[in-house]
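This report covers a strand arrangement, a group of aromatic rings and a pocket. The sequence and the model come next.

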Amino acid sequence: MESIRSLVAEKPVVIFSKSSCCMSHSIQTLISGYGAKMTVYELDQLCNGQEVEKALVQMGCNPSVPAVFIGEQLIGGANQVMTLQVKNQLAALLRRAGAIWV
């Protein structure tokens with residue numbers, strides 16, 4: 001889990017993804033639609049991707065991707081992010097994290 005903390009440190013939005021995951025792509029598209037600055041780690045393209053994925057599962061991410069961190073806090077997967085969007089809370093969370101300015 002320490003590796004996760006170092007990967008999300010000081011970044012407004014971090015998404016752990018797999019290049020073949022359509023839900024990961026959808027969440028990235030949603031967040032980038034706000035103009036948010038985000039960092040995406042494709043687990044299937046990282047040399048330690050399997051270790052990172054195991055750590056995400058230990059943190060409670062099930063399924064492991066997409067795993068979204070905003071302001072260094074684990075938000076969760078696609079369902080949690082979409083819930084924030086439907087409740088009109090996602091933009092405010094992105095603003096507080098410094099990912100967007102408007």
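## Basis and terms

Two strands are taken to pair if DSSP finds at least two bridges between them. Helices (H or I, at least four residues) and strands (E, at least two) are DSSP runs, numbered from the N terminus.

The model is predicted: local features need pLDDT of at least 70 and side-chain atom pairs count only at pLDDT 80 or more, while totals for chains, interfaces and linings use all residues. Residues are numbered from 1 along each chain as its sequence is written, and side-chain values use heavy atoms, with hydrogens and water left out.

## The sheet

An open sheet is formed by four strands with mixed pairing, in the order β2-β1-β3-β4. At its edges are β2 and β4, each of which pairs on one side only. On average, neighbouring strands of this sheet are turned by 25° against each other, direction ignored; the axes are lines fitted to C-alpha atoms, for helices over the stretch in contact, and angles run from 0 to 180 degrees between N-to-C directions.

Strands β1 and β2 run parallel and are joined by four bridges. Here Ile 15 stands opposite Val 40 in β2. Strands β3 and β4 run antiparallel, with three bridges between them, and Phe 69 stands opposite Leu 74 in β4. The hairpin of β3 and β4 has two residues between the strands, and in this hairpin Gly 71 takes a positive phi near 60°.

## Aromatic rings

Rings of Phe, Tyr and Trp (its six-membered ring) pair if their centres lie within 6.5 Å; planes under 30 degrees apart count as stacked, over 60 as edge-to-face and the rest as tilted. By this rule there are two aromatic pairs. Phe 16 and Tyr 41 are stacked, because their ring centres are 5.4 Å apart and their planes are at 20°. Since Phe 16 belongs to strand β1 (residues 13–17) and Tyr 41 to strand β2 (residues 39–42), the pair ties together parts that are 25 residues apart in sequence.

Phe 16 also pairs with Phe 69: the ring centres are 5.7 Å apart and the planes at 80°, so this pair is edge-to-face. Phe 69 lies in strand β3 (residues 67–70) and Phe 16 in strand β1, so the parts tied together are 53 residues apart in sequence. Through these ring pairs, Phe 16, Tyr 41 and Phe 69 are linked into a cluster. Both Phe 16 and Tyr 41 are buried, and both Phe 16 and Phe 69 are buried; buried means under 20% relative accessible area, exposed over 50%, and partly exposed in between (1.4 Å probe, protein chains only).

## The largest pocket

On a 1 Å grid over the protein atoms alone, where a 1.4 Å probe fits, a pocket is an open set of points with protein on both sides within 12 Å along at least five of seven lines; lining residues have an atom within 4 Å of a point. A volume is the space filled by probe spheres set on the points. The largest pocket holds about 200 Å³ of space. It is lined by 14 residues, of which Asn 62, Pro 63, Gly 77, Ala 78 and Gln 80 are the closest to its centre.

The most comes from α4, with three residues. By class, the lining has eight nonpolar, six polar and no charged residues. Here Ala, Val, Leu, Ile, Met, Phe, Trp, Tyr, Cys and Pro count as nonpolar, Asp, Glu, Lys and Arg as charged, and the others, Gly among them, as polar.
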